[in-house]
Structures are given as C-alpha cells and as structure tokens.
Amino acid sequence: MSRQSARAHIRGLLAQALSVAQEQNKLPPLANTDVTVEYAPPEKADYASNLALRLSRAVRMPPMQVAAVIAAALPESDYLAEVSVAPPGFINFHLSETWLARQVGEIVAQGAAYGNCDMGGGAALQIEFCSANPTGPLTIGSGRNIVLGDTLARALAAANYRVQREYYVNDVGSQMDTFARTLLARYQQLHGLDAHVPPDGYAGEYMVELAAQIDKEEGNALLGLPEDEALNALHERGLALMLDSIREDCALLGVEFDEWLSQAWLEDEGRVQAAIDTLRERGRVAEREGATWFVSTDVEEDKDNVLVRSNGEPTYFAADIAYHAYKLERGFTSLIDVWGADHHGHVPRVKASLAALGHDPERLTILLYQLVRVLRGGEEVRMSKRTGDVVTVREVVEEVGVDASRYFLVARSPDTAMSFDLDLAQQESDENPVYYIQYAHARTASILERAGREGIAPGAADLELLRHPAELTLLRLMIRLPELIEDVALQHAPHRLAFYAQELAALFHAFYRDCRVIDPENAALSRARLELAQAAKLVLARCLSLMGMSAPERM
RNA sequence: GCCCCCGUAGCUCAGUGGACAGAGCAACUGCCUUCUAAGCAGUUGGUCGGGUGUUCGAAUCACCCCGGGGGCGCCA
C-alpha cells in the first residue's frame with residue numbers, strides 16, 4: 001500500500017540496531033523487546049525512543065551508555081539528518097529536511113489515499129453502533145454513538161480493515177410491546193375513541209404523527225380487529241416507519257449502515273435457542289426460581305444472569321449471546337461494539353458468554369462512551385425518552401448543521417461526559433474550530449485557484465527549495481497523518497482526528513502568514529510552495545473526510 | 001455495599017510511564033494597498049481534587065480518602 005511512516009521506519013532501525021548490538025556483544029542477549037518510538041518535544045527532536053532507559057536494568061548498564069551503544073549500531077537512513085543521545089537516556093531522531101521536503105511529492109502522488117496504512121491487512125472487521133431501540137427518534141446521545149462509530153469505521157477502513165457497519169435492531173421485548181400499545185391508543189384517539197397512552201408508554205408527539213401516518217395508509221381498518229391482531233399490525237408497521245425515520249436521521253449525519261440485523265430474525269431462525277442449548281451442553285446453564293440462568297459466577301462474572309424468564313420469554317441477554325456468536329460465525333475476525341456507559345455492566349457477561357461458547361472474547365472490543373448533556377440557554381436540558389422530552393439528532397443537525405454536529409460529537413474523548421452547548425455551537429460560529437479548520441482548507445483552494453489564473457503551472461517543482469521553518473514545521477505534522485490513523489484505529493480514539501486537524505490548520509495558517517506562495521519574483525520557489533499547498537490541501541481534506549465533514553473550496 | 005468513567009488554566013477539554021504540563025474559548029495588546037482578517041502575533045492565567053507508595057522518572061501506575069456522573073439477576 002503506502003510507504004512506511006517515519007515512526008515505523010525508525011522503529012525498524014532501532015530493532016535492527018538492537019540485534020546488531022547483541023551480535024557484536026555490545027549488549028548482552030535479550031529476550032524479545034518492544035521497540036517504542038514516540039514524538040519528542042519539538043525543541044529536542046522529531047522522534048524519540050526510551051528504549052535505552054527501559055533496557056538499562058536488564059543489561060546492567062547506565063542508560064546513557066545503552067543509548068550510545070544502540071545509537072552507534074543504527075543503520076544509515078535517508079529519513080534522518082541526525083541521531084543524538086540525551087540525558088537521562090533518550091535516543092533522539094532528527095528528520096532530514098531534504099527528505100521532509102521530498103515528502104510533499106509523495107503526498108501529492110498518493111492523493112486522497114495519503115494517510116492509509118496497512119495495520120489491518122485486509123481483515124474483516126465489524127463495527128456495530130447506534131443500535132438504539134426503534135421506539136423513538138434518535139437522541140443526541142445516539143448521535144454521539146453514531147459519530148464515534150462511523151468516524152472510527154472510516155479510520156479503520158483507512159488502516160486497511162474491511163469494515164462492515166451494522167445496526168442491531170431490538171425489535172423484540174417489552175419496550176416494543178409498550179410501543180405498540182402506545183401506538184394503538186394514539187390510533188384510537190384519532191378515531192375519536194377515549195383511549196389513553198399507557199402509564200409506561202411513549203408520550204412523545206412523534207407517536208401521534210406515527211399513528212396519523214398509519215391511519216393515512218390503513219384508514220379505520222385496524223379498529224375492527226381483535227386487540228392482539230391490531231397490536232401486531234401496529235408493531236410491524238410502526239417499527240418499519242420508525243426504522244425509516246432512524247435511517248433518515250443517520251443519513252443526516254452522513255452515515256449509512258451495511259446491515260440492519262433484527263433480533264426477531266435471530267429468534268425466528270432458532271439462533272437464540274441454539275445458543276442456550278450449546279451453553280446447556282457445556283454445563284453453563286442452571287434452572288432455578290422458575291427461570292433459566294447462565295452460570296458465570298465461577299468465571300468472569302460476580303453473579304449469574306437470566307437467559308429465559310419464568311414466563312418463558314428469552315431475555316435480551318440471551319439474544320445478545322446468540323447475536324455476538326453469530327457475528328463471529330459470519331467470519332469477522334474482530335468486532336467492535338459502541339455502547340453508552342450505562343451498559344458497562346453488560347460487558348463482562350457478554351464476554352463470558354462468548355468464552356463459554358468457545359470463542360475468543362478478545363476478538364470483541366466494547367467502546368464505551370459517557371453520556372451527553374445538552375445545554376440550551378445555559379441550562380441543562382432534562383431528557384426522558386419515555387415522556388418524549390428529548391433533544392434529537394434531527395433537531396441538532398437542523399440547528400447547527402452536519403459539520404458542526406459531527407465535529408463537536410467526535411472531538412471529545414469517549415471517556416468524557418461531554419456537554420453539547422447548542423447556543424455556543426451556533427452563536428460562536430465565527431470562533432468555531434469547525435470553521436477554523438475548513439477555512440484553512442478553503443485558503444489552500446484559493447491559493448491554487450489564483451495560481452491557475454496567473455498561469456503558474458504546477459509540477460516539476462524543486463521541492464528542496466522548501467527550507468523555511470514554517471514550511472518544515474507544517475510538513476513535520478503532515479507526514480504524521482499515517483501514524484495518526486494508526487493510533488486512532490489502534491486505540492479506538494477518533495477524537496484525536498479533531499485535535500490533529502486543529503493543529504494542522506494552525507500550522508497552515510502560520511505558513512500562509514510567513515511564506516508567500518505566489519511570488520512573481522521567484523517562480524521556482526512558487527512552484528515548490530504551490531506543491532506544498534496542494535499537499536496541505538489533501539491532508540486537511542482527508543482529515544475532514546475521516547470526520548465526515550465537508551472540505552469547502554471557498555468560504 | 002460493589003462495579004465503570006471523570007476531577008488538569010476563569011470556561012470547554014487534550015495529554016494515561018518520559019524531557020521545563022498543552023490547545024481552543026474568554027480577557028488584554030497589536031497586525032489588512034499584496035495568495036480569503038472565518039486569519040496572525042504577543043500578554044495574563046495551573047499546589048494536574050488530596051494523601052501515601054512503586055519507579056532512574058508519575059497528571060499518567062497501585063492503595064486510601066474527597067467530589068461529580070453512570071450502573072448493579074428474570075428492562076434493554
């Protein structure tokens with residue numbers, strides 16, 4: 001695929017140096033050692049390794065000496081201008097500025113593919129996200145789920161995983177019964193009957209609209225049916241309409257799922273029963289108190305969990321066991337679930353159940369995100385899905401737009417209980433990071449357009465003319481994009497994209513100030529800088545695209 | 001009672017074993033006859049909630065405490 005990133009290259013050099021030093025008896029034989037390379041403080045170096053510090057104890061040598069030995073054994077590399085050793089024992093790597101300048105050509109040549117890496121090696125990966133109960137419109141909380149899941153999916157695809165996006169539809173269970181009963185009451189009310197939304201029903205206005213939609217299609221045909229038939233019909237039709245609406249909400253955020261997998265389907269296929277049977281064969285099931293239990297007290301969990309209720313209905317947990325097993329049976333080598341932190345207690349039992357079925361629970365990663373508070377007029381908006389008192393994805397996107405919605409929802413670490421301030425996202429649009437980043441992109445576009453009008457031909461540039469500190473600082477960050485994508489994919493940390501984009505935009509703005517691109521007095525330098533502007537445009541656009549945001553040509 | 005997340009500058013948050021702790025916003029001071037001022041430069045601002053350990057090195061790891069949020073067998 002793409003060329004090796006500088007970080008990966010340096011890691012390779014260090015690994016070679018380590019084995020050379022051992023062969024030459026400069027270091028005692030060592031067991032397999034992790035070679036770590038990180039970003040150095042900018043004034044010290046570009047990259048740094050603490051390898052010598054970590055090995056010092058094992059090799060019984062002072063860290064500075066270990067560092068010197070390793071540094072001396074490093075092979076030559078055209079990536080590097082200088083390698084130095086710094087107290088207390090760091091090995092510092094300074095990139096060659098001519099190598100750096102030449103990377104502009106690499107970036108432009110790779111175009112929209114620049115940033116890709118081969119971490120996944122084409123492995124099939126499934127990411128399941130959103131999966132909100134189809135009993136109401138998507139809330140801003142689901143919005144965070146969707147944006148985290150989709151952004152991560154984009155980064156994983158860039159890291160060469162074959163990614164499938166899936167939405168698990170919880171179309172079975174008590175909440176769907178309540179949904180149908182609420183719908184029936186609303187439908188009856190439309191026909192002048194004295195019906196009431198059940199006390200635990202969904203009081204939101206959208207249920208009235210849903211009933212009206214069904215009424216438009218069916219007229220009073222449902223009134224004559226026995227109650228259970230009417231409920232079944234409303235369940236089915238209401239669910240279909242709700243899923244359409246959820247699909248539209250996702251589309252508003254620029255997200256499309258490859259698969260919508262139904263819990264009812266899993267049950268109808270007998271997969272839930274089959275999972276329970278398998279667990280029983282493996283001696284992991286107990287009957288007590290009239291219910292069927294998954295026995296996990298002896299392993300990962302601190303308590304057993306119900307699989308089949310005393311009324312004979314399987315639980316959500318039983319279906320989830322079958323569901324996760326089915327994911328692996330479909331050939332995905334790794335799975336990611338994106339869950340709200342309120343489900344964290346569910347994690348150990350799902351993993352325990354996978355293990356009990358003979359699967360490797362390590363294949364499943366659960367990305368938990370803390371819940372979203374919404375501020376409107378400086379006040380926290382109280383939300384309740386049951387009363388219909390929610391802030392929806394649709395409202396937010398309509399209010400602040402898809403770019404700002406996605407940016408704010410992805411820009412915080414999943415571990416942070418974030419506040420989404422609706423007024424701020426709108427009022428301060430001038431001071432908004434969204435515009436800041438997009439403006440940098442628009443500036444690159446504007447420069448390129450101007451160059452075109454003035455007949456400055458791109459290409460054939462002598463890139464080694466790029467020596468200005470502002471040019472090189474910008475480039476140092478640009479060449480880290482593949483490393484960033486690797487980190488985002490590995491750490492499941494999509495928010496890093498937002499911080500990178502912000503920093504990149506800042507460095508571009510600084511370059512714009514310090515380095516005039518189109519200079520009639522210096523055609524050669526103009527061509528080189530034009531090439532750099534083109535590369536910067538590609539990197540900015542790639543970041544925005546990974547975050548699902550637009551990259552405007554002008555603002 | 002037990003489990004998970006958080007506590008870092010006035011505010012919103014990065015940084016989760018590495019070098020003197022960072023950004024944006026807010027506040028203050030400057031910069032448009034030249035490729036977009038939705039921009040740039042500078043200044044102010046922090047006992048990293050508290051304590052004790054581990055380590056060559058701790059915002060980061062362990063333990064205890066304080067504070068905020070979320071969760072805990074027949075809801076999903």
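Which helices and strands each supply at least two residues of the surface near RNA strand B?

Reply: In this predicted model, the elements that each supply at least two residues of the surface near RNA strand B are helix 2 (51-59), strand 4, helix 6 (174-190), strand 10 (305-308), helix 15 and helix 18 (495-514). In total, 69 residues surround RNA strand B, and the closest are Ala48, Arg309, Ser413, Tyr439 and Ser446. By residue class, this surface divides into 30 nonpolar, 22 polar and 17 charged residues.

Helix 15 provides the largest share of the surface, 9 residues. This helix, residues 433-453, also packs against helix 19 (residues 523-546): their axes come within 9 Å and cross at roughly 145 degrees, and the crossing is left-handed. On the side of helix 15, the contact involves Ile437, Ala440, His441, Thr444, Ala445, Ile447, Leu448 and Ala451. Helix 19 meets them with Leu530, Ala533, Gln534, Ala536, Lys537, Leu540, Ala541 and Leu544. The residues of this contact comprise 12 nonpolar, 3 polar and 1 charged.

Isoleucine 91 of strand 4 takes part in both pairings: serine 49 stands opposite it, and it is the bridge partner of valine 85.

Key
Residues numbered from 1 in each chain as written. Chains lettered and ligands numbered in written order. Predicted model: local features only at pLDDT ≥ 70, side-chain atom pairs only at ≥ 80, totals over all residues. Pairing = 2+ DSSP bridges. Helix = DSSP H or I, 4+ residues; strand = E, 2+ residues; numbered from the N terminus. Axes fitted to C-alpha atoms, helices over the stretch in contact; angles between N-to-C directions. Left-handed = near helix turned anticlockwise from the far one by under 90°. Contact = placed C-beta atoms within 7 Å. Nonpolar A, V, L, I, M, F, W, Y, C, P; charged D, E, K, R; others polar. Near = placed C-beta within 6 Å.
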